[in-house]
Amino acid sequence: MEHTSLLERILRGIALCVVVVFFMFPILWIVLMSFQTNDTILRVPPSFIFEPTLANYKALITGKLETSAASLEIHFLRNLGNSVLLSVGAVALSLLLGVPAAYAFARHKFRGSEDIAFTLLSFRFAPPLLVLLPLSLYFQKIGLADTYIGLIWVYQLICLPLILWIVRGYFEDISPDIEYAYRIAGHSWFTTFRKIALPLAKPGIAAAGLLAFIFAWNNFIFALVLASADKQPVTVGALAFVTASGIQYGQIASAIVLSIAPTLALALYAQRYLVEGLSLGAVKG
Amino acid sequence: MSDPLLSIHAVDKFYGSVDTGVHAVRDLSMEVVPGEIVALLGSSGCGKTSTLRMIAGFEEVTRGSITLAGRELNKLPPVKRGVAMAFEGYSLYPPLNVRENIAFALKSSSFSKSEVAAKVEEIAAMLEISDILEKRPGAISGGQQQRASLGRALIRDADLHLLDEPMGQLEPQLRALLRGRMKHFIKSRGLTAILVTHDQAEANALADRIAVMEDGTLQQFDSPSAIKDRPANLFAGTFIGEPPMNTYHAKVNIEDNRIAFQLADSEEALRYDTAAFSTSVLDAARGCDHVIVGVRPYAVTRSDRGIPATVVVNQWLGDQTHIAADFAGATMIMVEHDRAIDKPGDTISVYLDPDSLHLFDPHSGEAISHGKELAREHSLKHPHELTPQAGELSQINAGHLTQ
């Protein structure tokens with residue numbers, strides 16, 4: 001770095017700032033919006049100077065939405081809870097099913113193993129809308145419509161293929177001989193899976209789990225069709241802000257800030273694993 | 001010989017289905033006695049590692065049976081087979097340091113902590129890795145990882161030690177040193193080991209017997225000196241020995257008391273008194289129209305009685321001279337222990353002593369004779385009795401090696 005001149009360093013700094021502003025501006029703007037009333041948000045031209053208010057957050061937390069026309073009830077916190085429950089449930093279920101399955105696909109080549117793995121991946125190809133109508137009819141018949149279990153089951157369709165295919169790559173990267181060495185030293189295959197394969201694939205499993213969580217968290221269409229008001233996640237719940245008396249931009253912004261928070265916190269916490277996990281597989285090929 | 005510790009009986013290994021899969025090991029039968037070191041030697045893909053992994057239990061035996069110390073291994077999981085193994089790819093546990101990796105092999109044993117520590121120290125000293133015991137596998141070189149992996153295998157008290165290319169990554173100097181130490185270690189403890197290698201020097205130095213494999217088939221299983229002096233077939237003859245054996249297609253003429261090997265594509269012939277061969281060899285030679293004549297490079301001598309050859313290259317390796325010469329339209333490699341002054345283009349006269357000639361059947365590749373002696377198991381086979389497979393194999397080998 002000692003070769004770079006002062007000018008170069010300044011230019012580089014400016015370039016970095018431009019990039020950061022470009023990517024971060026929408027988020028920054030949303031954060032700013034969340035502290036404003038609809039009036040200040042919608043003024044022309046927009047301005048950075050305003051009197052901050054916590055009214056939006058207060059409305060979300062108390063569940064009372066005051067519009068110019070009337071007072072509405074909203075269930076944002078409940079929606080947030082639903083989002084957490086559905087996403088965590090789906091990811092946990094997918095990890096439970098997907099990690100052993102990924103191990104099996106990576107280690108044992110049996111007749112039709114590729115076909116099964118591909119079939120599971122193909123769930124991701126189908127446009128959700130195509131699946132939804134028959135799915136909701138079926139769910140109503142067997143009583144799974146509008147239940148958490150039914151929703152988690154459907155969410156798991158998003159997570160499982162993702163986890164299966166990412167984690168499988170990690171298991172394939174681990175030399176089977178390491179496991180053989182462990183088994184020949186007197187351990188069963190299950191202990192080997194637990195003590196050798198799982199810890200070695202941990203970064204990959206963490207990365208896959210996090211990605212699956214984000215996908216599940218951001219899902220809209222499945223919950224829109226299959227969940228009633230009290231089981232809706234935030235993505236669907238946000239529709240409540242489109243009221244008869246106008247769109248509540250302030251509350252939408254603060255709802256976004258609150259719903260980004262859990263994923264952001266999780267991503268920051270797992271950042272180390274995520275970068276290591278997603279790049280390690282690519283580098284090792 | 002004592003009762004075998006390990007018996008491999010008529011084992012076949014297919015990867016994939018029996019009809020369309022790869023036939024990696026073909027009808028392999030061999031026995032290893034207690035306290036013996038056996039080397040499986042062959043080029044890549046000859047089935048030696050597959051054999052080792054079938055013994056360890058990492059590959060299923062397609063057909064046949066393997067017995068170790070009275071236990072039928074085919075259906076036993078690796079845990080219960082009583083074997084220890086050093087892997088070609090090291091396969092150390094990344095989260096453990098070298099000391100823990102080596103000690104790990106003793107985890108399920110009854111040794112106390114201090115006994116384990118002493119054993120690890122001893123093995124580490126032997127393998128010259130005492131200074132890296134606290135390091136993790138990721139922080140040490142390939143050669144060091146390989147020695148750690150070898151240590152992890154040797155420290156175990158197993159019926160059979162399987163060593164897959166245990167020294168492939170080591171520098172030549174270290175390899176020579178460790179070969180000696182490892183042999184002493186194995187012999188002094190009465191361990192039995194099977195070593196997979198493609199390095200003949202390693203096989204010769206370590207093994208009591210060498211199993212030469214090619215294309216999934218066991219070519220010869222004998223002591224290093226027997227393989228060198230009495231190769232069972234053309235493959236064993238040309239594969240073992242560095243530089244490789246010179247081979248020439250020749251037509252046999254026996255008249256009165258003279259025998260001549262008329263070299264293919266050439267006016268020259270190797271002529272000898274029939275008295276130089278035993279009658280059984282002469283009888284065998286009479287039965288063949290053609291033979292392949294093989295001679296080891298160090299058995300080629302200079303003599304006025306010999307055949308002229310034109311020097312192509314003269315290489316002094318510091319302790320021996322390798323001369324490549326154009327001999328009867330083919331290449332001849334000759335090894336001399338003194339520094340030779342011949343320059344490329346010079347003509348020398350080379351003589352092949354009848355005692356050092358190996359005759360091979362050009363169709364089957366089987367050895368006919370070694371010097372005066374008839375090859376042990378040679379029977380006069382007529383070409384049409386041969387399996388096409390063996391015939392093809394020998395032709396490929398002969399064609400390749402006489403170029």
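These questions and answers walk through a predicted model with chains A and B.

Reader: What ipTM does the model score?
Author: This is a predicted model. Its pTM is 0.76. The ipTM is 0.71.

Reader: Over which residues of chain B is the pLDDT below 50?
Author: Chain B has a mean pLDDT of 88, and 93% of its residues reach 70 or more. One stretch falls below 50, yet has 40 contacts in the model beyond near neighbours in sequence. Where pLDDT is low, the predicted coordinates should not be read in detail. The stretch is residues 378-403 of chain B.

Reader: Which element gives the largest share of the side of chain A that touches chain B?
Author: The contact brings together 14 residues of chain A and 17 residues of chain B. On the chain A side, α8 (176-184) and α9 (189-200) are the elements that give two or more residues. The largest share is six residues, and the element that gives them is α8(A).

Reader: How many residues on that side of chain A are nonpolar?
Author: Two residues of the side of chain A that touches chain B are charged. Four are polar. The nonpolar ones number eight.

Reader: Are α7(A) and α10(A) roughly parallel or roughly antiparallel?
Author: Helix α7 (148-173) and helix α10 (202-217) of chain A pack with their axes 9 Å apart. The angle is about 160°. Angles over 145 degrees count as roughly antiparallel. The two helices are therefore roughly antiparallel.

Reader: How many residues of the contact of α7(A) with α10(A) are charged?
Author: α7(A) passes α10(A) in a right-handed crossing. The α7(A) side includes A:Tyr155, A:Ile158 and A:Leu162, and the α10(A) side includes A:Gly204, A:Leu211 and A:Phe215. The contact has 15 nonpolar and two polar residues; the charged count is none.

Reader: What is the orientation of α4(A) to α10(A)?
Author: Helix α4 (76-107) of chain A also packs on α10(A), with the axes 9 Å apart. The angle is about 140°. The crossing is right-handed. By the angle, the two helices are therefore oblique.

Reader: How many residues of the contact of α4(A) with α10(A) are polar?
Author: On α4(A), the contact includes A:Ser83, A:Ser87 and A:Ser94. On α10(A), it includes A:Phe213 and A:Trp217. The contact has 10 nonpolar and no charged residues; the polar ones number four.

Reader: Which residue in β16(B) stands opposite B:Val311?
Author: Strands β15 (300-316) and β16 (321-327) of chain B pair in the antiparallel sense. Six bridges join this pair. Opposite B:Val311 stands B:Ala325.

Reader: Which are the edge strands of the six-strand sheet in chain B?
Author: The open sheet runs in the order β6-β7-β8-β3-β9-β10, with mixed pairing. Its twist averages 15° from one strand to the next. Two strands pair on one side only: β6 (83-86) and β10.

Reader: What is the bridge partner of B:His161 in β8(B)?
Author: Strand β7 (160-164) and strand β8 (193-197) of chain B run parallel. Four bridges join them. The partner of B:His161 is B:Ala193.

Reader: Which residue in the hairpin of β9(B) and β10(B) takes a positive phi?
Author: Strands β9 (209-214) and β10 (217-222) of chain B pair in the antiparallel sense over five bridges. In one bridge, B:Met213 partners B:Leu218. Two residues lie between the strands. The one with a positive phi, near 55°, is B:Asp215.

Reader: What angle does α4(B) make with β6(B)?
Author: Helix α1 (48-56) of chain B lies across β3 (37-41), β6, β7, β8 and β9, at about 145° to β7(B). Helix α4 (142-154) of chain B packs on the sheet too, touching β6 and β7. Its direction makes an angle with that of β6(B) of about 175°.

Notes. Residues are numbered from 1 along each chain as its sequence is written. Chains are lettered from A and ligands numbered from 1 in the order in which they are written. This is a predicted model: local features need pLDDT of at least 70, side-chain atom pairs count only at pLDDT 80 or more; totals for chains, interfaces and linings use all residues. Two strands pair if DSSP finds at least two bridges between them. Two residues are in contact if their C-beta atoms, placed from the backbone, lie within 7 Å. Ala, Val, Leu, Ile, Met, Phe, Trp, Tyr, Cys and Pro count as nonpolar, Asp, Glu, Lys and Arg as charged, and the others, Gly among them, as polar. pLDDT is the predictor's confidence in each residue, from 0 to 100. Axes are lines fitted to C-alpha atoms, for helices over the stretch in contact, and angles run from 0 to 180 degrees between N-to-C directions. Angles under 35 degrees count as roughly parallel, over 145 as roughly antiparallel, 65 to 115 as roughly perpendicular and the rest as oblique. A crossing is left-handed if the near helix is turned anticlockwise from the far one by less than a right angle, and right-handed if clockwise.
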